[in-house]
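The sequence and the model come first.

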Amino acid sequence: MAALARYLDHVERLTDAITSGDLASGTRLPPQRDYADAHGLAISTVTRIYAELARRGLSVGEVGRGTFVRSPAVGAAAAFAQWAPAPSALGGVDLAFNYPVLPEQADAFRQALRETASGGDLSALLAHAPHDGHPTDRRSAAQWLSRRDSVSVSPDALVVCAGGQHALDVLQLALCRAGEPVAVETLTYPGWKALAALRDIPLVAVPMTADGLDPSALDAACRSHAGRLRVVYTMPTLHNPLGSVMPLAQRLALVEVARRHDLLLVEDSAYGFLVADAPPPLRLLAPERTFEVCSLSKPGAPGLRVAYLIAPTALLPRVHAAMRASVWSAAPLMAQLASRWLDDGTIDRWIADKRALAQRRQAIAQACFAGLGATGYAGAFHLLLPVPAPMRCDDVVGVLQMRGIAVTPVDAFAAPGEAAPAAIRVALGSPASDATLQTALLQVADVMSAAGHR
């Protein structure tokens with residue numbers, strides 16, 4: 001108990017010093033050995049102290065350089081938290097999150113609400129829906145996915161969830177246990193990381209090739225964990241933040257490893273709709289062990305809060321049980337609106353328009369960042385921009401925050417214990433106009449150019 005009290009005392013004293021500004025952002029914390037000697041602590045205790053500061057978003061470790069204090073504002077960016085411009089900034093441009101909403105979508109929403117109010121059984125929208133969603137909504141989703149993949153999808157294999165994040169939450173609840181490791185790419189979705197942290201689910205980082213998760217590295221991870229790995233979370237089609245699209249041969253190799261080690265695959269298709277000629281999803285290559293999450297937040301709108309979770313038949317009862325234990329069912333009104341737009345082709349039209357928008361904005365970004373080493377998929381709403389030495393990612397994020405521009409340091413995506421490249425992710429989907437986006441991107445380019453000439 002005394003050791004725990006000393007550990008907590010150091011954590012709270014350092015937290016107070018950072019949040020009050022006594023320890024300024026960018027201050028290098030003492031090496032762990034030096035801190036341990038100065039305070040009479042065991043190295044293992046200092047490791048825990050520094051790890052807790054990092055978990056709170058108050059410090060960041062950099063390979064070969066040490067551990068640095070992180071301002072609360074930059075820590076929020078690294079934690080993928082909601083963003084607001086600094087009080088001293090003029091306006092604000094969100095290049096941290098992707099909320100691509102087309103101008104015509106508000107009118108489509110207004111019209112759909114009118115039609116819903118003027119006809120149909122409104123009382124049904126006030127009642128509980130079945131845990132897996134109304135049959136009509138599952139049928140609409142199944143028909144849409146069948147058209148997308150050119151392979152029939154059964155409505156009985158679908159569950160209607162309250163958004164993509166809820167679908168991931170349901171899957172962790174259904175498939176994962178505290179203390180049991182789950183495999184992820186070295187750079188993975190912060191929302192999956194956050195869920196795992198709350199459930200005490202350790203994440204095992206699996207190295208990637210340029211095209212995505214490395215099957216041979218996954219095989220090695222399974223062997224080193226002596227059969228304890230059971231679940232793999234991956235983004236094979238338009239990885240976030242790398243923008244890679246895993247080729248068919250690599251997908252087949254990944255499926256072979258999954259079958260050899262009896263792994264369950266969680267396939268997050270959040271940005272997959274932007275790739276018109278993508279290889280088949282993992283779900284079609286290994287239907288007996290793959291769960292696919294298809295959210296409408298990006299192809300539709302973030303406020304729609306509807307996603308479709310496709311699951312192997314044998315494991316559907318666990319998914320249904322997790323639905324009952326979470327939100328019971330998706331909101332019937334939102335699910336019905338989504339079905340309306342799936343049935344009449346509205347979602348498909350929005351997807352076509354958003355593909356064109358993403359390609360146009362990616363071209364604008366590449367022009368603004370010419371010579372700065374930006375990388376990304378030509379049809380994605382995000383790209384990576386390296387931070388030139390000696391400037392640190394936190395410095396760039398902090399300077400841009402003061403200019404009213406939000407970006408995300410790539411360590412937000414790093415699996416626990418993994419070092420992230422010195423880069424920022426720039427999201428292109430949220431600004432209301434191309435002109436607003438271009439102005440903000442030129443500000444980012446200005447900061448990066450200045451960093452490179454230090």
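The sections below cover the basis of the model, the strands, the helices and a pocket.

## Basis of the description

The model is predicted, so local features are taken at pLDDT of at least 70 and side-chain atom pairs at pLDDT 80 or more, while totals for chains, interfaces and linings use all residues. Residues are numbered from 1 along each chain as its sequence is written, and side-chain values use heavy atoms, with hydrogens and water left out.

## Sheets

Seven strands form an open sheet of mixed pairing in the order β4-β12-β11-β10-β9-β5-β6 (strands are DSSP runs of E of at least two residues and helices runs of H or I of at least four, numbered from the N terminus; two strands pair if DSSP finds at least two bridges between them). Its edge strands, β4 (158–161) and β6 (203–206), each pair on one side only, and neighbouring strands are turned by 20 degrees against each other on average, direction ignored. Within this sheet, β5 (residues 182–185) and β9 (residues 231–234) run parallel over 3 bridges, and V182 has V231 as its bridge partner in β9.

An open antiparallel sheet is formed by 3 strands in the order β13-β16-β15. Because β13 (382–386) and β15 (408–409) have a single partner strand each, one side of each is left without a neighbour in the sheet. The antiparallel pairing of β15 with β16 (residues 423–427) has 2 bridges, and P409 finds its bridge partner in I424 of β16.

## Helix α7 and its surroundings

The axes of α7 (residues 135–149) and α14 (residues 332–343) come within 9 Å and cross at roughly 35 degrees (axes are lines fitted to C-alpha atoms, for helices over the stretch in contact, and angles run from 0 to 180 degrees between N-to-C directions). Contact, meaning heavy atoms within 4.5 Å, involves residues including W144 and R147 of α7 and L342 and D343 of α14.

Helix α7 also lies across β4, β11 (290–295) and β12 (307–310), running at about 110 degrees to β4. Helix α10 (residues 215–224) lies across β5, β6 and β9, at about 140 degrees to β6.

## The second largest pocket

The lining of the second largest pocket has 26 residues, of which R148, D149, G272, F273 and V275 lie nearest its centre (on a 1 Å grid over the protein atoms alone, a pocket is an open set of points where a 1.4 Å probe fits, with protein on both sides within 12 Å along at least five of seven lines; lining residues have an atom within 4 Å of a point). The largest share of this lining, 4 residues, comes from α7.
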